Amino acid sequence: MKLSNIVKSLLLGTSFCFLAANFNCSYASQTNSSKSAQTQKKVNKSNSSKKNNSAKNSKSSKATKTKKTSKSSRPNAQKKAPAKSNKNYFKEPIQRKEIRQTYVAPVVDLTTENPLLATTPKLINQRKYFQDAEAAAKKGDTAEALRIKKNHLEDYPLAIWIDYWTLTNNMDVSKYPKVVDFIRSDDHKELSQILKNKYIDFLARHGNYKQVSELIGKKKPFDDNMEMNSSQQTLQCRYYEARWHLGQADMSSQIFANKIYMQLKPYPSGCSGLIYVWGQNGNLNDTNRMDKFERLYIQRRYADSTRNLAAEFSDDSKFKNRINMAMALYDDPSRILNEEYEPGSDDIHRVAVLAFKRFANLKPEEANPHFEYFCKKFHITPTERLDIIQIISRGFLGRNSTLDEVNWVDKHLPAIEWTDEIKIMRMRKAVWFAQWNVVYDLYNHLNPNDKKEINWRYWKARAAYEIGEKDQSLILMKEVAKDRSFFGFLAAQELGQKPPFNHQRLSKSAKWPSTVAHNKAAIRFFEFRALDSANANIEWNEVAKHGSNDEALVMAEWALSTGNVNYAIMSVIAGKRWDALDYRFPKAFLNLYKKYSAVTNVPISFLYGISRQESMLNPNIKSPVGAVGLMQLMPETARVVSKKNNWDYNGPRDLVIPENNIRLGSAYLKDMLTKFDNNRILAAAAYNAGPNRIPRWKSADGKKRDTPMFIENIPFKETRLYVQNVLLYDVIYKKLLTGKTDLLLKENERKYKY
């Protein structure tokens, strides 16, 4: 049967998505940090989530904007904020402030100016009283804190924080009515949400489920089927935990608890209460544990989780013998094919299937030749056979597949049995092998959310053109070309039209400081800066999320004019003002980037594109794998580049100095461009995933692929999105720096043999 006919029998699927934030009293702003290329370690494909990872390309894919994060530093307090923007980006590097574990009154200059308040003797005295009240509240002396507030701080901008601290320090059920009053007052939306989250957790841990239910509300926080981050899962678990204890649990409570328990990654600690009550009601037993064990066992990773779960089975468990046999094969599951393992008991059969599934998942190309022999030897059922075929199919579609392997999938796995994951993987291979009929037909059978993704909309339009449906292709391509994303700009280039920058600038009516002169959160922000407090970040988010557009952008303009790049980007992210390109893509350390662009002959817009994707232009950021600074250099790579160029290098501490980082990063990026024929696609991929991988990703069958086909088939999701972002950011920075519109893909890149 022709594949295009098979595809038509596919079932539709659904998926859901939602994001929420997890707040903390001592909140420090978070920024995405891509893994550096120099690690030469495999990019973790599953991490993209948390993930993703950098700011979003387009309105249509906003959810990926803030997937994987690293702690960013607090900008330096400024003695004075200029009344007029001077575009000075060359202040001192941002200094990291450690979060205090115990309260110590900071030594600050109480006369520091707040540009929105007059520095009067009264204000200076109030700052001192506020510090005293803060110290009292954090020591648990609520009465003293409130006394100071009543006598000296009633009209002080930060007085509301005294109320917040008295409620969150030494939390107690007796404070619940005041907590509710604080939240309902809605005087401070950010603090209200933080307070609410803290008390939901506190009350749940102390068994006050009626109050937990009241705070969360009757409506379930999220749809059970959506993909949730850790904080979202915790809130959903608290909702169901409270309902269970209040006698309101229904089947959905059991289903969600089972879903949380069965997920492969560890569930949040905040879900422990739900899992406990679910288990206490007879839902957690060795059968559940065995189901989870088998799911973990098959995977490439999760070795520790698998072994830990295996140890939970008691010696008298009916599954203990099966567990022992399976773990004996864990490190080399192919041994199940040896003569020592013969069909027999049900345990042997189940272990044989489990071991071969693991073998097929780890090494599909080695397992496949033995598949039919294994099925015959162990009398595999149709369901078990289908499970193994799906595992081999994912292996064949998820790497540098050959056409024979793709054909094997089409032959052995009926399209009706393709999961949403397999559909996407098959789409990608159809693009790689220019199977345009498959791309065109299969698009119609993707789940609704996948259909909305800009890359698949582009490939639908491209496939329509390739199979002769040119009128339809033009209509589809024009729709794609409206999107500010890699594929939107690509469609615009192919149509010969201008890319959709959709640039939103500060309105002419917005003025500093008059536009924010009466914004309470803006006033509190500058007060906290005057007091050198990290709580300024929370007030910044209050303005960005809940202020007017003019107020948020005026504050972002102030941030740029004073060198506080992180704040400018936070305005865009927190307020979801994706069109405010001046603040989303700031030109920090401009003279340094100009200098080393001239030295290396690497376009400044490309340097900015890499830096914006890598660090969000935070000079002090450090990734989980150890990459440091603006261009996220690994210390060892910095050492090698320094030695090659005969530069002094004193270790990682040098990399937080912007000039050192840009000099080393631009030199390394120049090396990547030189190594890969001045091709930005390959150089960016090498910078992210390591240069040794690039030759393995290029065509090995002699067939010519164009640039989009190559990018779509980069095996690592993180690197695939990384390359798209960097190229998009390159064009955007070129526009912001020069006013000129550049091509997304250069001529040499379009003609390159991938």
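I started with helix 7 (residues 209-216) and looked up its buried residues, which are Y209, Q211, V212, L215 and I216. Buried here means under 20% relative accessible area, with exposed over 50% and partly exposed in between (1.4 Å probe, protein chains only). Helices are DSSP runs of H or I, at least four residues long, numbered from the N terminus. Down the axis of helix 7, the buried residues fall within an arc of 155 degrees, so they line one face of the helix. That arc is taken over the directions from the helix axis to the C-beta atoms.

I note that the model is predicted: local features need pLDDT of at least 70, side-chain atom pairs count only at pLDDT 80 or more, and totals for chains, interfaces and linings use all residues. Residues are numbered from 1 along each chain as its sequence is written, and side-chain values use heavy atoms, with hydrogens and water left out.

Next I looked up what the buried residues of helix 7 pack against, and found helix 5 (176-185), helix 6 (189-205) and helix 8 (230-245). Contact means heavy atoms within 4.5 Å. Just after helix 7, G217 has a positive phi of about 100 degrees.

I then searched the whole structure for disulfides (cysteine sulfur atoms within 2.5 Å) and found one. C237 and C271 form it, with their sulfur atoms 2.1 Å apart. C237 lies in helix 8 and C271 in the loop between helix 9 (251-262) and helix 10 (272-283), so the pair ties together parts 34 residues apart in sequence. The torsion about the S-S bond is about 90 degrees, so the disulfide is right-handed.

Last, I checked burial. C237 is buried, at 0% relative accessible area, and C271 is buried, at 0%.

Terms used:
Helices (H or I, at least four residues) and strands (E, at least two) are DSSP runs, numbered from the N terminus.
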